[in-house]
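Hi everyone, and thanks for coming. Let me put the structure up on the screen, and then we can walk through it together.

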Amino acid sequence: SKADRELSGNFANNRGKLPMPITGALAQAQTLSDEGNYAEVDKITEQMKGINSQINSLEELAKQSRENAEPVYDGILHDGGKAPKEKKSADDKPFASLGEQLTAIYQFRKNHVEDKRLQQVNNAVLGANEGIGADGGFAIQTDFAGAILESAVQTSPLLNRLDRYTCSSAANSMRWISADESDVSKSVFGGVQMYWAAEAATVLASKPQFKEMKMDLEKMMGFLYCTDEMLQDAAFMTGFASTGFALAGDRLLTDGVIAGDGVGKPLGILKSKALVTVDKEDAQTSGTFVGNNAIKMQARAMPRNRDRLVWLMHPDVEEQLPLLAIKSGDESKFLWNPEGGLGGFDTQRVLNKPVLFEDSCSALGTKGDIMLVDPFQYILLTKGAAKQDWSIHVEFLTDQNCFRMVFRCNGAPKVSKPLTIKNSTKARSPFVALADRK
């Protein structure tokens with residue numbers, strides 16, 4: 001603190017004014033003692049007591065200064081280069097539950113009952129000085145809002161496998177560097193190569209090729225209608241609102257990751273230019289999924305990191321999976337196996353890769369109803385704390401109240417084109433789809 005630094009300076013300036021430096025006094029006392037002049041030794045002892053008393057007083061004063069002074073930041077980094085930490089206040093989270101905050105918003109809107117805690121949250125989240133936030137809304141307490149979106153991601157079998165990032169409260173986009181490459185047969189990152197020493201004479205100059213990628217946050221909005229009676233029970237509203245928005249957020253985000261067009265929403269896997277499509281078999285029946293489809297789709301996935309691959313299928317495909325097989329002589333080799341035996345249909349595998357059933361996949365028989373993907377090759381970006389707003393509008397005719405929540409998020413595949421590996425003419429990708437079978 002400022003006061004602490006001033007006190008330290010005063011202490012340093014006064015050290016030279018002390019009756020006698022301690023080290024000199026000790027040396028003189030030792031000499032007098034050797035000479036047997038104990039009377040002079042007693043005098044030096046008293047002087048040293050005075051010095052120690054002054055030091056103790058200054059140290060106590062410095063301690064009180066550190067404990068009571070307010071921290072300041074003068075534009076210079078102190079204490080090993082660490083800037084002062086931001087003070088946290090309990091006022092940032094004044095509501096005990098989400099339902100309690102919803103009830104306070106309702107009382108303010110309908111009955112004009114002002115609750116100062118609403119403004120405390122707005123100030124903490126939005127940095128605003130007004131009683132209400134943008135568009136007449138209130139910022140939801142950050143721990144509630146963050147828990148809802150995190151719950152939506154964690155409970156989804158697809159979303160929780162993505163490569164996820166959180167934007168800071170001051171940012172609205174993310175930038176990163178990506179390798180600009182389509183051929184990894186000879187080099188990686190568009191130019192990094194390794195050679196055997198004997199081939200050094202044939203080495204050609206090259207440099208990596210990179211491109212800057214940018215992702216802006218988009219708005220995901222949700223609405224919740226509830227009656228006056230429902231709002232009287234804060235505990236019920238906490239569970240109802242949190243669960244409802246989490247499930248709705250899961251569905252909308254999943255749909256964006258799979259089929260989004262990238263306009264005001266995530267760019268979906270189906271719309272990615274990196275998607276590789278595997279043709280149907282000759283004379284394959286409309287809407288079917290056969291063993292050769294599965295084998296060829298896996299062969300078009302990238303050879304590495306196959307432990308991360310999952311199948312994305314429309315639920316209408318499920319009834320065909322137990323019959324999925326390939327011929328080996330006169331016998332059939334089944335490619336489908338449920339975990340836990342025939343009674344474990346909840347977790348199914350094809351070619352030992354998990355199957356995730358999502359109705360955001362295309363309709364049965366059309367491209368995108370069956371995909372084999374590496375979810376970690378997809379980025380999901382979410383907003384950390386700010387701009388998660390609630391607003392309420394009274395529906396007078398039906399005695400309902402409408403709450404609106406706004407989340408900031410976006411997503412896109414990491415790669416933008418298929419890749420070619422060495423000694424092969426087949427394009428491969430982390431995203432593979434089966435073509436139309438009509």
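Let's begin with a term: helices (H or I, at least four residues) and strands (E, at least two) are DSSP runs, numbered from the N terminus. With that rule, Tyr225 is found in strand S5, which covers residues 218-227. Before going further, please keep in mind that this is a predicted model, where local features need pLDDT of at least 70, side-chain atom pairs count only at pLDDT 80 or more, and totals for chains, interfaces and linings use all residues. Residues are numbered from 1 along each chain as its sequence is written, and side-chain values use heavy atoms, with hydrogens and water left out.

Now the overall picture. The protein chain has 9 helices and 19 strands. How much of the chain is buried? Buried residues make up 39% of its 438 residues, where buried means under 20% relative accessible area, exposed means over 50%, and partly exposed is in between (1.4 Å probe, protein chains only). The accessible surface of the chain comes to about 24800 Å², and 52% of that belongs to carbon and sulfur atoms; these areas come from the Shrake-Rupley method with a 1.4 Å probe, and for residues only the protein chains shown count as cover. If we take contacts (heavy atoms within 4.5 Å) between residues at least 6 apart in sequence, 72% join residues at least 24 apart.

Let's go inside. In soluble globular proteins, nonpolar side chains tend to be buried together. A nonpolar core here is a set of buried Ala, Val, Leu, Ile, Met, Phe, Trp, Tyr and Cys residues joined through side-chain atoms within 4.5 Å. Which residues touch the most other members of the largest core? Among its 46 residues, they are Ile269, Leu312, Met371 and Phe403. Helix H8 (residues 234-259) gives the largest share of this core, with 6 residues. Take Leu312 as an example: leaving out residues up to four places away in sequence, its contacts include Leu158, Ile258, Ile269, Leu356 and Met371. There is also a second, separate core of 20 residues, and Ala294, Met313, Trp336 and Leu372 are included in it.

Ala294 takes us to helix H9 (residues 291-299), whose buried residues are Gly291, Asn293, Ala294, Met297 and Gln298. These residues lie on the same side of H9, because they cover an arc of only 160° around the axis; the arc is that of the directions from the helix axis to the C-beta atoms.

Back out to the surface, and to Tyr225. Is this residue buried or partly exposed? At 43% relative accessibility, Tyr225 counts as partly exposed. Together with Met221 and Phe223, Tyr225 forms a nonpolar patch on the surface with about 330 Å² of accessible area. Patches are made of residues with over 30% relative accessible area and no salt bridge, with like charges joined within 9 Å and nonpolar side chains (Val, Leu, Ile, Met, Phe, Trp, Tyr) within 5 Å.

Next, salt bridges: a side-chain nitrogen of Lys or Arg within 4 Å of a carboxyl oxygen of Asp or Glu. The count comes to 10. One of them joins Asp163 and Lys414, at 2.7 Å from N to O. Asp163 lies in strand S2 (residues 163-167) and Lys414 in the loop between strands S16 (400-413) and S17 (419-420), so this pair ties together parts that are 251 residues apart in sequence. Asp163 is buried at 9% relative accessible area, and Lys414 is buried at 18%.

Another salt bridge links Glu40 and Lys43, at 3.5 Å from N to O. Because these two are 3 residues apart in helix H3 (residues 38-68), Glu40 and Lys43 are separated by about one helical turn. Glu40 is partly exposed at 31%, while Lys43 is exposed at 51%. Glu100, Asp115 and Arg117 are linked in a network of salt bridges.

Finally, a look at the backbone. Most residues other than glycine have a negative phi. Ala283, in the loop between strand S6 (276-278) and H9, has a positive phi near 60°, and is exposed at 83%. Asn352 also has a positive phi, of about 65°. Asn352 lies in the loop between strand S11 (348-350) and S12, and is exposed at 52%. Pro354 lies in strand S12 (residues 353-357) and counts as buried, at 17% relative accessibility.
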